[in-house]
Structure formats: structure tokens, C-alpha cells
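I opened the model to look up a few helix and loop positions. My notes follow.

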Amino acid sequence: MSGAPGTGALAARTALITGGGGPLGRAFALALAAAGARVVLVGRTERALTEAALRVAKEGGHARTAVCDVSDPAAVRTLAAELADEDVSLLVNNAGIAGPVRPLTDVEPEEWDEVFAVNVRGTYLMCRAFLPPMTAAGRGDIVNIASVSGKRPLLNRTPYTAAKMALLGLTRTLAGEVGPLGVSVNSLSPGPVRGPRMDRNFRMTAELTGCTAAEAERDFASRAALGRLVEEDEVARALLAMLAMPGLCGADIDLSAGMIAPA
């Protein structure tokens, strides 16, 4: 992907992406920058953020980085103050952790709380911090990265699925609150996205069930209508497509290769 700064469908817009140092955050950054947006990458690991920003720059885009733990209210307040010079009109809440792969009775309360702190409270805190300028301007977009796992059973992943279901409720309710003020809020629910996180999940599933990681992947992919995982660039293209639909508000877009909930 390549694009010149100041040109494209998203020219003159600034997009803030949490989880910006991860593979999916980087894919979002590349796609948004190619569409003309100025990108702000936020995450907990400076090195990963810098590498993602350099990749965006190599493709002809512009990216700024900021280290922040989105689950920490004080850190998010500091981030908002640091970015006061940016006109953030697009917020992509992509930060999230996978959590444990174990039966619920084997999940520790601290593990449960950590998943909700990053995946749900982080989204709430970022919206709380960056919504006021959007509503004041009467324009803006928020896209929360949920998951198909928030809409179908995913055994041994209760904290993650519960957190993603919470994001769907947050999205729909917030859309009703700020839609009348000119801000569209939607969620994008990818299915299993090929990459390091799914590789880790397949390894942990293999350890839990006694199969191999390759067998765990084949079993998981077989649940999708297309019989495969989703690629990072497909999710990034879906994000762009959502932003090209001005009437989209309070919606959830499923991009799971057909991994729908069983009847």
C-alpha cells in the first residue's frame, strides 16, 4: 500500500489507533495512511510503535507514536493532553489481549480483570477522552475492534468472549448517545486473523487438548464457511469500507470467513 500525504479519501483526517504496535494495528495504520489520513499509533511498547511508524513512512504516509497503557485512566488523560494539538476525528480501539486459554474454573480473577481492563475499560477510557472534541465539532468516527468470538461460543476462552460481547453492547449504546451529535460509532468483528496471536492460541489449545498446533488450527478453520483464517489486510480493507459508508452507525460488521454462530 502506498499513498501521498494529504491525498486520498481520508485526507485531512487524523486517525488514532490503539494497539498500534501489533500486527493488526500496523495493518490499520498502513491502510489509513494510504487513504490519506495522518496516523497516531498508541500502544504499550515503544519499539513496536516505532517499527510500525517507520513502515508507514516507508510507504509514503505519516505516523506519530505515543506510549500509553489504555487501561490506566491517568495514562489516558496524559495521552489526551499530549495529543491536544491533533484533530483526532477517527478513533480505532484496537488494543486488546487474548487472555488465558483454560476452562473458566481454572481462570484466576486477576486474569479475568486484566482482559476486561484492556479490552473493555481501555475502550471506554479512550472514548471518554477523545469523544468531547468530536462531539464539539459535530463529526467523527469510532470503530471498536470486537470479534466474532463475542457472538458465538469459544470454549476455554470465557474472559475474551465475554469482553468482546461487552464491546458490542458498548458500541450500540454509545452510537445512540453520540450519533445525534454527529459521531458514528461502529464495531468490526474479525474472525480468526492469521498471525502471532492465533499461533499462540493454537499452541495453548494443543497443550490443553493433546493435539498438535497444526491440528488445532485446522479444526478452528473448519468452523468457517470458507474453511480458512482471515488475513490482516482483509480486516484493514474492511475498516476502510466501513468509513466509506456514511450511514453506518451502531452497526457490527462480521469479517470471519463465515464463522457464524451455530443455529
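**Helix H7.** I began with helix H7, residues 213-221, and looked up its buried residues: Ala216, Phe220 and Ala221. I then looked down the axis of H7. The buried residues fall within an arc of 125°, so they line one face of the helix. Next I asked what covers the buried residues of H7. The cover includes helix H6, residues 196-209. I kept in mind that this is a predicted model.

**Arg157.** I moved on to the loop between strand S5 (140-145) and H5, where Arg157 lies. Which side chain of opposite charge is nearest to Arg157? I found Glu111, and it is 11 Å away. Arg157 is buried yet has no salt bridge. A salt bridge would need a carboxyl oxygen within 4 Å. I also listed the contacts of Arg157, leaving out residues up to four places away in sequence. They are Ala98, Pro100, Val101, Arg102 and Asn201.

**Thr161.** I then went into helix H5, residues 158-178, to look at Thr161. Is Thr161 buried or exposed? Its relative accessible area is 15%. Buried means under 20%, so Thr161 counts as buried. I checked where its side chain goes. The side chain of Thr161 reaches the backbone oxygen of Thr158 at 3.1 Å. Setting aside residues up to four places away in sequence, I noted that Thr161 touches Ser149, Gly150 and Leu154.

Terms used
Residues are numbered from 1 along each chain as its sequence is written. This is a predicted model: local features need pLDDT of at least 70, side-chain atom pairs count only at pLDDT 80 or more; totals for chains, interfaces and linings use all residues. Side-chain values use heavy atoms; hydrogens and water are left out. Helices (H or I, at least four residues) and strands (E, at least two) are DSSP runs, numbered from the N terminus. Buried means under 20% relative accessible area, exposed over 50%, partly exposed in between (1.4 Å probe, protein chains only). A polar contact is a pair of N or O atoms within 3.5 Å; within protein, one must be able to donate a hydrogen and the other to accept it, and residues adjacent in sequence count only if both atoms are side-chain atoms. Contact means heavy atoms within 4.5 Å. Lys and Arg count as positive and Asp and Glu as negative; His and the chain ends are not counted. The arc is that of the directions from the helix axis to the C-beta atoms.
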